[in-house]
Amino acid sequence: MSDISAENLQRSVDHLTESQDYLVSHLPLVAQVFQETGILFEQDASTSLEHVTRLAQMLAGTLVSGENNVIQHVTQLIKLSNDEQTTFRVQALRVLGNACIDHDDNRRLVHEANTVQLVIPFLQQNQNPELTKVACGFCLNSGMDFEPIQKTINENEGVNYLANLLRPARMDHGEEMMVTIAAKALDNLMNEEFARKSFPLDCVPRLLELVKYEWQIDHFQNLELLESLVDILLQLIAEDEPVQNSVLDSGYFPLLLEFMEKAELEDEDADEDDTKQFEHIQTSISKIIVCATFSDSKLKELYGNKELLSRFISWSTSESEVLAQCGIYVLGNLARTDEHCIDLVQTHHFEKILLNAFELTDKAMFRYAVLGSLKHLCMPKENKAIIGDANAITIVAPILESTNDMLKRNQFIAIGIIKLLCANNEYNNATKVIDGNVANDENKTPLSLVMACLDRFDDPAAKSEATRILTNLVKAVWFHQDTEASLSYRQKLLKNTCIIQAISEMTRTSKFPVLKNDGIVALSLIFADSQSEIGKEILSEALSTVTGQPPKLGLPEQEEQTSDNDQEQQPIPETRTFLEVLVELVSLEGKMPVEIRCNGCVLIEKIASAAQAVNDITALEKVKAASRDQLQKLVNEEATSPSSAMIVPIAQKALNVVV
């Protein structure tokens with residue numbers, strides 16, 4: 001092929017297209033034909049592309065190797081072609097699109113050849129439908145899990161063009177395949193945040209309109225398209241309030257609810273795969289409904305719609321697990337204000353629905369939905385006693401058994417529920433935790449399960465949350481007005497020395513002021529109990545906990561290999577003693593709010609007074625040595641500060657005990 005001419009190229013194509021096997025074994029010659037055609041075309045724009053169109057059509061069914069420069073030469077010919085040569089463009093795009101299937105090396109060559117920039121304009125609505133369809137397929141195949149091309153598609157308006165192809169009108173004009181491929185290409189792109197941000201908001205209602213079309217007009221004849229549509233919607237709506245509002249305002253939100261209640265796959269020819277696909281679609285639509293109701297700006301409006309609220313409450317008791325779970329998640333979303341939570345409990349008794357659902361299922365995801373919604377309801381003070389009286393603690397506590405340790409998320413929420421129910425000095429709920437029953441096991445108490453969790457848990461957040469149950473128990477019992485009635489519960493708490501150890505450890509090691517303060521208040525109440533017989537009985541061991549050395553850190557396992565980056569990210573463990581941490585906390589250098597510093601001074605005083613009460617000279621001397629200078633410094637230096645009126649008298653009182 002030394003002489004470049006249309007006749008020579010025609011003969012070469014005739015030879016190459018005699019058989020698929022011959023074509024495959026002569027790919028370098030194929031590349032040369034495309035290259036020389038491009039040279040001819042540059043010399044004479046009237047050169048026919050009919051022969052390479054025929055070649056491309058046959059080549060599209062062949063695995064093209066990027067090593068032969070076929071991709072580059074085909075791209076160049078697309079660049080040179082004009083709008084009159086649509087047939088060639090279609091076949092050329094088929095070659096390139098098929099070359100990219102499962103081949104990142106070819107995708108890389110396509111990207112480097114700037115092919116994407118040439119193809120994106122073919123997605124516009126005024127283009128030949130067949131060309132647009134193949135361009136959609138090219139975007140799907142080339143961009144599949146390949147970020148460089150995904151970014152290029154996005155940067156060249158590809159997301160916008162693809163989204164605008166999703167129109168029900170095209171379904172009635174024989175363009176269903178193009179719409180389906182465009183939807184699949186978008187579904188693939190929506191994995192990336194930059195693509196989601198580029199999706200035009202005004203196209204969201206059309207996605208919902210297509211969902212309606214596929215259900216009510218097409219009668220689920222194209223589950224593949226419907227699956228892509230709902231997957232796109234789900235990825236868009238997950239954390240985007242404008243999209244959430246667009247779905248709610250589109251007029252199609254009731255359609256989604258009706259889909260959940262009424263849609264069925266009735267096709268007699270549907271096989272097992274169709275059934276699974278339909279179930280996936282139904283689950284995705286339920287998640288879209290849940291996400292839509294997470295809109296902050298629509299929260300009041302949604303809850304104020306009594307018909308809608310009743311509908312979701314009815315769903316939450318449905319025998320359909322998907323419907324019940326969706327209803328529970330939605331109501332959990334709506335329970336994001338105290339007003340709504342109180343109404344759900346006191347008017348609709350939603351806590352009973354949740355607890356009943358929890359007992360009726362053993363599925364972890366369903367229980368996660370139940371626990372999450374129940375936790376929201378436990379936040380307002382007005383609900384705590386009601387939910388406690390509904391046996392929430394007894395029902396929820398068994399999730400803390402070691403047999404459920406694979407369900408860490410559920411355990412963490414259950415701990416949060418128990419913590420909230422005992423907050424605000426809820427004495428009756430505290431007693432249920434201390435010596436109440438556990439469902440299906442009368443030999444255990446919720447408290448014993450919490451303590452066992454503290455022994456097993458490694459996660460600092462989970463340990464802190466469990467320890468806050470203990471601090472809430474202490475505050476609820478010690479602040480109870482009927483001291484005689486609460487005495488037995490004080491005894492049960494104080495006799496369990498692990499409780500004081502856990503609270504002191506949280507106070508010593510936590511980086512969060514609110515947790516430190518929580519522990520300080522609880523410990524102050526305990527050490528203030530030095531005059532009672534039970535107090536004196538346990539204070540010696542308690543004093544050794546707060547005045548002794550910290551627990552030894554476990555050695556890292558030899559098999560574990562950590563990179564330098566992992567080591568940099570590991571928090572530095574607290575190695576100082578409890579007293580050292582406490583004394584720094586009350587100082588100016590500790591940079592704590594003055595209220596917490598005051599509470600710290602109170603605790604120093606209570607520990608020292610307790611040591612005096614039980615005649616623990618060793619503990620008392622440790623407190624004096626650790627705190628005397630700092631307290632004196634506080635009294636001297638804080639006298640002129642704005643906070644002096646608050647902290648100086650308290651520091652002075654503590655100083656009087658340790659001098």
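## Salt bridges across the model

In this predicted model, a search of the whole structure turns up 28 salt bridges. Side chains of opposite charge can pair when their charged atoms come close. Let's look at some of these pairs.

## A pair within one helix

R107 and D104 join their side chains in a salt bridge, with 2.6 Å from N to O. The two residues sit three positions apart in helix α7 (residues 104-112), so about one helical turn separates them.

R336 pairs with D296, and their closest N and O atoms lie 2.4 Å apart. R336 is partly exposed, with 25% relative accessibility.

Helix α22 itself contributes E321, whose partner K363 lies 42 residues away in the loop between α24 (350-360) and α25 (364-377). Here the N to O distance is 3.2 Å. E321 is partly exposed at 31%, and K363 is partly exposed at 45%. Elsewhere, shared partners tie D249, K298 and E301 into one salt-bridge network.

## Two helices side by side

Helix α37 (residues 578-586) packs against helix α39 (residues 617-637) at about 10 degrees, their axes 10 Å apart. The two are therefore roughly parallel. From α37, the contact uses L579, V583 and V586; from α39, K622, V623, A626, S627, Q630 and L634 take part. By class, that makes six nonpolar, two polar and one charged residues.

Notes
Residues are numbered from 1 along each chain as its sequence is written. This is a predicted model: local features need pLDDT of at least 70, side-chain atom pairs count only at pLDDT 80 or more; totals for chains, interfaces and linings use all residues. Side-chain values use heavy atoms; hydrogens and water are left out. Axes are lines fitted to C-alpha atoms, for helices over the stretch in contact, and angles run from 0 to 180 degrees between N-to-C directions. Helices (H or I, at least four residues) and strands (E, at least two) are DSSP runs, numbered from the N terminus. Angles under 35 degrees count as roughly parallel, over 145 as roughly antiparallel, 65 to 115 as roughly perpendicular and the rest as oblique. Contact means heavy atoms within 4.5 Å. Ala, Val, Leu, Ile, Met, Phe, Trp, Tyr, Cys and Pro count as nonpolar, Asp, Glu, Lys and Arg as charged, and the others, Gly among them, as polar. A salt bridge is a side-chain nitrogen of Lys or Arg within 4 Å of a carboxyl oxygen of Asp or Glu. Buried means under 20% relative accessible area, exposed over 50%, partly exposed in between (1.4 Å probe, protein chains only).
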